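Let us walk through this structure, beginning with a single side chain and working out to the whole fold.

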Amino acid sequence: MSQLDRTDRRILNELQADGRITNAELAARVGLPPTSMSDRLKRLQKAGYITGFTARIDPHMVGLELLVFVEVSLDKTTPDAFDKFSKAVRLAPEVLECHMVAGGFDYLVKARVTDMGHYRAFLGDVLLNLPGVSETRTYPVMEEVKSDGPLPI
């Protein structure tokens, strides 16, 4: 599936708004018969456009009050150093996202923890012990302005 047509885009937008929508309701909203909708969904999943279905959990309701962004600089910028860091950071459950970036540092990490004490422990016990880490800069989030935006398809 090389290109998304208009119907595929409508399907993806509807699913981003409500991933629990029934096949019948999705078919009705998009204007397809349910059988055709089922076939399209299977194709979109097989092609990798739909990578999974999850529930959005309110982090505050489960005690994860503090969101932080951390700039991470490595001591070497070699393929091996990047590979070791990226494999290790994937194992940290506090890390929600990690992106290799261009600029004055190597990675931007988004992590969620219970509080500043938990973050200090996470920084000392996990982040600073990841392979190749030479320096970090932390930015605690004071207010989440927008964090649930769908992709603009």
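Arg40 counts as buried, because its relative accessibility is 15% and the cut-off for buried is under 20%. The model is predicted, and this value is computed from it. Arg40 belongs to helix 3, which covers residues 34-46. What does Arg40 touch, apart from its neighbours within four places in sequence? Its contacts are Asp5, Thr7, Asp8, Ile11 and Leu32.

Now step back to the elements. The protein has 5 helices and 4 strands. Read from the N terminus, they run α-α-α-β-α-β-β-α-β. The radius of gyration is 20 Å, well over the 15 Å that the globule rule gives for 153 residues, so the protein is more spread out than a compact globule. Its C-alpha atoms fill a box of roughly 55 × 40 × 25 Å along the principal axes.

The 4 strands make an open sheet, ordered 2-3-1-4, with antiparallel pairing. Strand 2 (95-100) and strand 4 (133-140) are at the edges; each has a single partner strand, so one side of each lacks a neighbour in the sheet. From one strand to the next, the twist averages 20°. Glu71 stands opposite Arg137 in strand 4.

Finally, the protein as a whole. Of its 153 residues, 30% count as buried. Among contacts with a separation of 6 or more, 65% link residues 24 or more positions apart. The accessible surface is about 10200 Å², and carbon and sulfur atoms account for 53% of that area.

Key. Residues numbered from 1 in each chain as written. Predicted model: local features only at pLDDT ≥ 70, side-chain atom pairs only at ≥ 80, totals over all residues. Heavy atoms only, no water. Helix = DSSP H or I, 4+ residues; strand = E, 2+ residues; numbered from the N terminus. Buried < 20%, exposed > 50% of the residue type's maximum accessible area, 1.4 Å probe, protein only. Contact = heavy atoms within 4.5 Å. Pairing = 2+ DSSP bridges. Axes fitted to C-alpha atoms, helices over the stretch in contact; angles between N-to-C directions. Rg over C-alpha atoms; globule rule 2.2 N^0.38 Å. Areas by Shrake-Rupley, 256 points an atom, 1.4 Å probe, with all protein chains shown as cover.
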